[in-house]
Amino acid sequence: ESPAKQDSGVGWRRSLTPHLNSRGIYCFDPTKEEVQKVGMPTEELIKKLQGWQQSGNWKLFTENMNLIWRGATKLQEHPESHEPQMYHILGDVDYVENSDFLIWTFHDGDKLGGTIAELVIAWYNSIPVYLVTDVAKTTINKSLLYFTLDSGNGRGKIFKNYGELLSFIDGEYHLNIVGE
């Protein structure tokens, strides 16, 4: 939620995603996808959420957080038949529950938010979680460490860098790299 790099979590995702895509892995990136759910870029939404939180506008705060976590169902006219059709934009919970694995990054000074919920949802649904961190394992919050390592029925892992992570993913999922 509040990375020490103050980039809204965009940097590491934009750096890692092409490497995952070249392996045939679809990456859900909330910093891109939230625009569809809430109708504004992540940075703008964060400012608005802070404003609603500070002013006590819990209605708008909750409505927009619901869009992030639960997604949105919308009605739209079909382009050919002009009949109304409903479609659902997936929420973060949907993406976690439908994932083969999750990746999260943690650096000294990061303040975690939704990552904690996603980590617990993945753990509960036996989905492995992979953490890339330069923080000593002995200083990571015990519950976060547990939910990471025990995720996927004990298949969760911690890596020092993205190279280690990608090598592991290649072996674990028997992937062929295309165009890298």
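What follows is a series of stops, each with something to select and a description of what is there.

**Before starting**

This is a predicted model, in which local features need pLDDT of at least 70 and side-chain atom pairs count only at pLDDT 80 or more, while totals for chains, interfaces and linings use all residues. Residues are numbered from 1 along each chain as its sequence is written, and side-chain values use heavy atoms, with hydrogens and water left out.

**Stop 1: the whole protein**

Display the protein as a cartoon. There are 8 helices and 5 strands; these are DSSP runs numbered from the N terminus, helices being H or I with at least four residues and strands E with at least two. Followed from the N terminus, the order of elements is α-α-α-α-β-β-α-β-α-β-α-β-α. The C-alpha atoms fill a box of roughly 50 × 45 × 30 Å along the principal axes. Of the 180 residues, 38% are buried; buried means under 20% relative accessible area, exposed over 50%, and partly exposed in between, with a 1.4 Å probe and protein chains only.

**Stop 2: the sheet**

Select β3, β4 and β5. These strands form an open sheet in the order β3-β4-β5, with parallel pairing; two strands pair if DSSP finds at least two bridges between them. The edges are β3 (102-106) and β5 (157-159), each of which pairs on one side only. On average, neighbouring strands of this sheet are turned by 25 degrees against each other, direction ignored. (Axes are lines fitted to C-alpha atoms, for helices over the stretch in contact, and angles run from 0 to 180 degrees between N-to-C directions.)

L102 has V129 in β4 as its bridge partner, and F106 stands opposite T133 in β4.

**Stop 3: the side chains of β3**

Which way do the side chains of β3 point? L102, W104 and F106 point one way, I103 and T105 the other, and all are buried. Because 5 of the 5 residues of β3 are buried, this strand is largely enclosed by the rest of the structure.

**Stop 4: the nonpolar cores**

Select W104 and I140. These residues have the most contacts inside the largest nonpolar core, which has 16 residues; a nonpolar core is a set of buried Ala, Val, Leu, Ile, Met, Phe, Trp, Tyr and Cys residues joined through side-chain atoms within 4.5 Å. At least two residues of this core come from each of β3, α6, β4 and α7 (142-154). Leaving aside neighbours within four places in sequence, I140 is in contact (heavy atoms within 4.5 Å) with F106, L131, T133, V135 and L145.

Next, select I25, F101, L165 and F168. They are among the 14 residues of another core, which lies apart from the largest one.

**Stop 5: the salt bridges**

How many salt bridges does a search of the whole structure find? The search finds 2, a salt bridge being a side-chain nitrogen of Lys or Arg within 4 Å of a carboxyl oxygen of Asp or Glu.

Select D170 and R23, whose closest N and O atoms are 2.5 Å apart in a salt bridge. This pair links distant parts of the chain: D170 is in helix α8, and R23 is in the loop between α1 (10-21) and α2 (30-38), 147 residues apart. Both D170 and R23 are buried.

Then select E63 and K59, whose side chains meet in a salt bridge (2.5 Å, N to O). These residues are 4 apart in helix α4 (residues 58-70), so about one helical turn separates them. E63 counts as partly exposed because its relative accessibility is 36%, whereas K59, at 59%, counts as exposed.

**Stop 6: the segment after α8**

Finally, select H174, which lies in the segment after α8. H174 is exposed, with a relative accessible area of 68%. H174 and R23 are 151 residues apart in sequence, and their C-alpha atoms are 9.7 Å apart in space.
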